[in-house]
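Hi everyone, thanks for making time for this one. Please have a look at it first.

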Amino acid sequence: MTVRHVNAIAGRLSLRPPQRRSLEILHRIMEITTPGKAPEVTAVLDIIRGEFASVSDFERDLPSLCFALATGVGKTRLMGAFVSYLHQAHGPTTSSCWRPT
């Protein structure tokens, strides 16, 4: 998959550089992992850690991500961008969980 969806959403929502970078990270994570209903959490964590060394652990027994952005950058807009990206790039059946590819 290309970054076509990222570019379209970033342009449409006028994302700031930190927001765009977060959307690009989500896109990359979705490239290296696959949505699924019963992920092997440790395998997904290892895959993500291989690309993003700062990821230390999931706080729960399911894959979860946290993006640290400064106050006023637009976290609500970023969440809207995430939802739009997941729907456009992966369809309405995208699960909130991942499984390794």
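Let's begin in helix 4, where we find Met79. Helices here are DSSP runs of H or I with at least four residues, strands are E runs of at least two, and both are numbered from the N terminus. Met79 is partly exposed, with a relative accessible area of 41%. On that scale, buried means under 20% relative accessible area, exposed means over 50%, and partly exposed is in between, with a 1.4 Å probe and protein chains only. The C-alpha atom of Met79 is separated by 9.4 Å from that of Gln19, and these two residues are 60 apart along the chain.

Before I go on, a word on where this comes from. This is a predicted model, so local features need pLDDT of at least 70 and side-chain atom pairs count only at pLDDT 80 or more, while totals for chains, interfaces and linings use all residues. Residues are numbered from 1 along each chain as its sequence is written, and side-chain values use heavy atoms, with hydrogens and water left out.

Now the overall layout. The chain has 4 helices and 2 strands, and from the N terminus on they come in the order α-α-β-α-α-β. Of the 101 residues in the chain, 36% are buried. The accessible surface comes to about 6,200 Å², and carbon and sulfur atoms hold 54% of that; the areas are from the Shrake-Rupley method with a 1.4 Å probe, and for residues only the protein chains shown count as cover. How much of the contact picture comes from residues 24 or more positions apart? Among contacts with a separation of 6 or more, such pairs account for 69%. Contact, for us, means heavy atoms within 4.5 Å.

Is His5 buried or exposed? His5 counts as buried because its relative accessibility is 12%. Leaving aside residues up to four places away in sequence, His5 touches Tyr85, Gln88 and Ala89.

Gln88 lies in helix 4, residues 75–90, and counts as partly exposed at 32% relative accessibility. Gln88 and His5 are 83 residues apart along the chain, with their C-alpha atoms separated by 7.0 Å. Again setting aside residues up to four places away in sequence, Gln88 touches Ile9 and Arg12 as well as His5. Ala89, also in helix 4, is buried, with a relative accessible area of 14%. For Ala89 and His5, 84 residues apart along the chain, the C-alpha separation is 6.4 Å.

Stepping back to helix 1, its buried residues are His5, Val6, Ile9 and Ala10. Seen down the axis of helix 1, they fall within an arc of 125°, so they line one face of the helix. That arc is taken over the directions from the helix axis to the C-beta atoms. As a reminder, an α-helix has 3.6 residues a turn, so residues three or four places apart point the same way. The face of helix 1 turned away from the buried side carries the exposed residues Arg4, Gly11 and Arg12. And what covers the buried residues of helix 1? The cover includes helix 2, residues 17–32, and helix 4.

Between helix 1 and helix 2 there is a loop that holds Ser14. Ser14 is not a glycine, yet it has a positive phi of about 50°. Ser14 is exposed, with a relative accessible area of 55%.

Not counting residues up to four places away in sequence, Ser22 touches Phe67, Leu69, Leu78 and Phe82.

Helix 3, residues 41–51, has Val41, Val44, Leu45 and Ile48 as its buried residues. Seen down the axis of helix 3, these fall within an arc of 100°, so they line one face of the helix.

That's my tour from Met79 in helix 4 to the buried face of helix 3.
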